[in-house]
Amino acid sequence: MSKEENTANRPDNTAFTQQRLPAWQPMLSAGIVIPGFVIIGVAFIGIGVALFVTSQNIQVLEKDYTGIETNSSCFKCINPRVKNCNCTINFSLDKLFEGPVFVYYGLSNYFQNYRKYGASKDAAQLTGDLAYFTEPSTSCAPYRKDAKGKPIVPCGSIANSIFNDTFKLFQIVNSRNVAVPLDGKGIAWWTDYNIKYRNPTTNPLKNAFNDTVKPIFWPRPAYELDPTNPSNNGFINQDFLVWMRRSALPNFRKLYRRITEGEYAKGLPAGDYALVIGYNYPVKAFDGRKKVVFSNVSWMGGKNQFLGIAYLVIGSLCVVMSIVMLIVYAKFKFPDEE
Amino acid sequence: MLCRRLNRWLGGDESRVDSRTIYVGHRPSTTEAFIPPKFCDNRIVSSKYTVWNFLPKNLFEQFRRIANFYFLIIFLVQVIVDTPTSPVTSGLPLFFVITVTAIKQGYEDWLRHKADNEVNKYPVTVLENGRRMGTESEKIKVGDVVEVNEDETFPCDLILLQSTRDDDTCFVTTASLDGESNHKTHYTVPDTEKDLDSLSATIECEQPQPDLYKFVGRMHIYKTDREPEIRSLGPENLLLKGATLKNTQRICGVAVYTGMETKMALNYQGKSQKRSAVEKSINAFLLVYLCILVSKALVCTTLKYVWQSKPGQDEPWYNQKTQREKETNLYLKMFTDFLSFMVLFNFIIPVSMYVTVEMQKFLGSFFITWDRDFYDPEIQEGALVNTSDLNEELGQVEYVFTDKTGTLTQNNMEFIECCIDGFQYKYRDAVSELDGFSATDGPVSKLQEKAGKEREELFLRALCLCHTVQVKEPTGRGQDHTDSMAGCPPPHEQTGFIASSPDEVALVKGAMRYGFTFLGMESKKMKIMNRSNAIETYDLLHVLNFDPVRRRMSVIVRSKSGDALLFCKGADSSIFPRVRQEEVEKIRVHVERNATEGYRTLCVAYKKLSPEEYARADADLQAARLALQDREEKLIAVYNQVEAGMTLIGATAVEDRLQEEAAETMEALQGAGIKVWVLTGDKMETAKSTCYACRLFQRGTELLELTVRTLEDGVRKREERLHDLLLEYHKKAVQDVPPTKPGGNRGWSKPSQDFGFIIDGASLSMVFNSSESSSSHYKNLFLQICQNCTTVLCCRMAPLQKAQIVKMVKCSKGSPITLSIGDGANDVSMILEAHVGIGIKGKEGRQAVRNSDYAIPKLKHLKKLLLGHGHLYYVRIAHLVQYFFYKNLCFILPQFLYQFFCGYSQQPLYDAAYLTMYNICFTSMPILAYSLLEQHICVEVLLDNATLYRRVLALQPQWPGNCYPPLYSFEDDYNSQHTKMHV
């Protein structure tokens, strides 16, 4: 290449343009694959054991209170015509239920993930835009306006069907009920509480709801959801937010409260407890179940045995495969491999 | 003339449909009322769109693609029906796809517009009422008198009216039309007036038709005081657009066919967009996926209504239906549910795959442009990619159709050696002794004693005299004299010789190197200068023309001493029977050895005619020439009679220089299981020797010849003979070959005996055009024979015939992928016809390059283009496409399963933004990078092992979609032997 001046059109000699980028292609020989499988298998088994043990250590207590069975204390409340029904479920713990304890309510065969149901809300309204208070989005149908044509706020099926059972937990100490304080703060998603849902800036909040009606199934309007704490009202009510965050599966549980205060911050000590339920939410019509769940969490979240088992299975398979390959390799050493 | 003869073979019946009348110079003849006829203008249009029709036409073309149409339908469904995802989720990707494609196609069309303009705006000179007017090529109208200078191409088809040469001829090379680079002589219309301004004439000629060698017309010349004269016009008067004027200063001609009606344009085929075969297999995939999609939607719809029939599930209190929903007809609801499921699962068909595939192809083609191996320092250009759609097609080629002239060969004849009386004389380039001879081998080392001086000189005189070469005039002849005195050859090389065949020039030049220089002809006297620098003159008495059936030519000259001498040169097979047998053997050895080395050999013989013999021959020749009936037959009979009992003097070997590494390239292609067909417009002998030189024909190859020569063996009619030959060859090449496995003709197993098949244009047209019933039968036989031959040589092909052959193979069973490679305008039709068209950036203009899909500077680059780039791109795109379907199947499966958990309510599992972006960006970039950079085997190894290419091909039939299956066993084979190392 003596004439360098005449090479204006000559393509660049770079590794990229000449397709000579450094490359590596592993040779999958027995010497690499068999130890590789062993290492992967051992690592997976290790992870699996850790996950499984952790999951096993999580304590979960589930109490179905639907009241289907006649001997259940909530049987009396199952008829939807019975109003303001209370029932009590007693249980006892024989050892400390380690804190912090999370209290969930669970629903079964409840399709919060139904598409039409999920679409039935007005996101703009829920950000506090007053224009949508008077004219809610058509997606809210059939809970957009009431029979008289007044707009429903908050509109739509999801808001309308908010879960309204209440729970009170008492420890029975010397046949005396000691209330276990339930903490309802910060149980909703941060984004829901701070971004997606906003109250109108109107002061007092009640005025924003003039000329609107409360959702049909609601006992009280949105601005009176929490009578004890005025800042927990309107669209940023924690229970409301938890409900509005739809569940992905038809059998689900949602966070109700946490037990973080006072002497129960360390957990529920062994002893007898009474759970007083304000039974309002009808589920029998669609063959649903209601339950309350007490659980604590670990670094990997709630109780989940599947993940640990999956790791264990894959890990053991890898090890088994490596043994099989070793046998095959030992028996039929490939002739061309010196 | 050759042209006329060819006409007869190619043309079939000469039915004149309609004629057009042209007024030369737009001057009305006085006798008739002048109605200016309408003809199309001289614009060449190869672009597809204009500014105005781009949008509708392009959109229409794009929505003809089934995937695009499918997405349009989905989009419309989303707009009309209440569906789980918003129309944006499929509208946006669709818009993206359409826009990107439109921009790309618009850009490509813009390039075509630019190229068209280059041709259409080319400056030309038109004579208008005696004034010379400069104008643009596209403005030429039929009837304009156009002036063309030396070395310019004719801007349209012209009838030659006037030439600056005194003998009313002009020389033309049609290299870019039919690949023949020799000079052809065209004649002015006889007895036209020299003053074109006062010429008043009309031309009546046939309507435009694509046959290059056929033209029929009449010229009426009106003179004020006389009856109009009528002159007949033939192809020798017609100068074709695309041909180049040579050795003539200037000519004037009247335009008869312009623009898209020129013979060159008619030989173009309509440009249809080439679709890659992978795209076809993508469509097959799409169909499978569409079935999956529909069945998923059906399952979900059915289950939905089964589930809802359970009490309490259809309408729980928390999820009441709206009034409208309650009122809707059940079946309508089912249908909308079905559509909703379709929309929900439609992402199983990857929208963005087309974009990614196009991007991969577009970006991938840059690697071809960037490849330094394709850079040719001579023309200072690298490869050019015109259509990026076909990268992967390069990896699947089964048939290569190559042009000969300019593609396999450099079309540059060179005298290599000669043999006189059985002694070999090889000319060494650099070392030239005074007499020009140098010894190489042979039993006798002393050169002068090899063959007597007399024989040598006789041989060289024969070379100098027996030809139809003309000396190019402008060169100073005196200069040559002095140079030749000094005995140094190079200046002679610059002497311009013009001949109808380039090897004649090579022979004359060869003789010149040995000291005998042909100085030209002056009034029937040939002057040559011999080794002692004395000038000898010979009277040229007769020229017994060359024709492809006789395969020899002779001249009869009278020397100073008054002897009549006949010199004859021709192919060995036609000379040997006509000479005394005892001389043949010692020369035959040389001839055969030269022929297998790929040289073009000619034998030279002479005969001294006694005065009586000459007198008789002269009389016979005159009589035959004047015969009105069967003139040609009579002439041939006389020729045969005269050219008998000659003495063989020697043989020559001329090399048509092959392109660099032509043989290696062809060998590699054959090693890769690709069948190579040579399609050329050139003569059979020439083409055959090239095939030998390129090692396409080997020593052991049995040649099956189906040419005019084999067809014309006397008694029987050609059609019968054709039938017999076809059957015979079929028996040889197809039936007698041990049966191979199905798919054996894909290049897996080599037949034990190599066959080469040779066919010429005339026989081919007989195969194609014979009577209705037998035609398809013949075609079938022909195809089968061809497929069982390692190499097929088709010579004397018209451009359209080349395309015909390509089409025949393309449409044959298994629809193999074809590739055409050529460099001239005569190859354009086959380049357009084949799946992949490759243009060589040769010397014969840019026509082929412009119409090709890929253009490379040299033939040798084809090897890397196919075995390297093609192989890699095929594997890459196969992985890309399959990965796309895989990932979308994975993507949509959870969504499908989720329906079982959400009451079959079409609830999407993913957010709309995620659905949209998943294909467009989240998952398309990594695979794009992979599909651009992956090299499962590095290029050097691919080039060294041509068989690897065959392995990819062989995998094809296992997979219905024609796409390369994911199990690539050959790679493992390969890996077990070599270690792949990259720098």
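In chain B of this predicted model, β31(B) and β32(B) pair in the parallel sense over four bridges; two strands count as paired if DSSP finds at least two bridges between them. Helices (H or I, at least four residues) and strands (E, at least two) are DSSP runs numbered from the N terminus. Within β32(B), B:Gly837 is the bridge partner of B:Ser820.

Strand β32 (residues 836-840) of chain B is mostly covered, with five of its five residues buried (under 20% relative accessible area, 1.4 Å probe, protein chains only). On one side of β32(B) these are B:Val836, B:Ile838 and B:Ile840, and on the other B:Gly837 and B:Gly839. β32(B) also pairs in the parallel sense with strand β33 (residues 854-856) of chain B over three bridges, where B:Ile856 is the bridge partner of B:Ile840.

These strands belong to an open sheet of nine strands with mixed pairing, in the order β14-β33-β32-β31-β15-β27-β30-β29-β28 (chain B). Strands β14 (384-385) and β28 (702-706) of chain B each have a single partner strand, so one side of each lacks a neighbour in the sheet.

Residues are numbered from 1 along each chain as its sequence is written, and chains are lettered from A and ligands numbered from 1 in the order in which they are written. Local features need pLDDT of at least 70, side-chain atom pairs count only at pLDDT 80 or more, and totals for chains, interfaces and linings use all residues, while side-chain values use heavy atoms, with hydrogens and water left out.

Note on methods:
Buried < 20%, exposed > 50% of the residue type's maximum accessible area, 1.4 Å probe, protein only.
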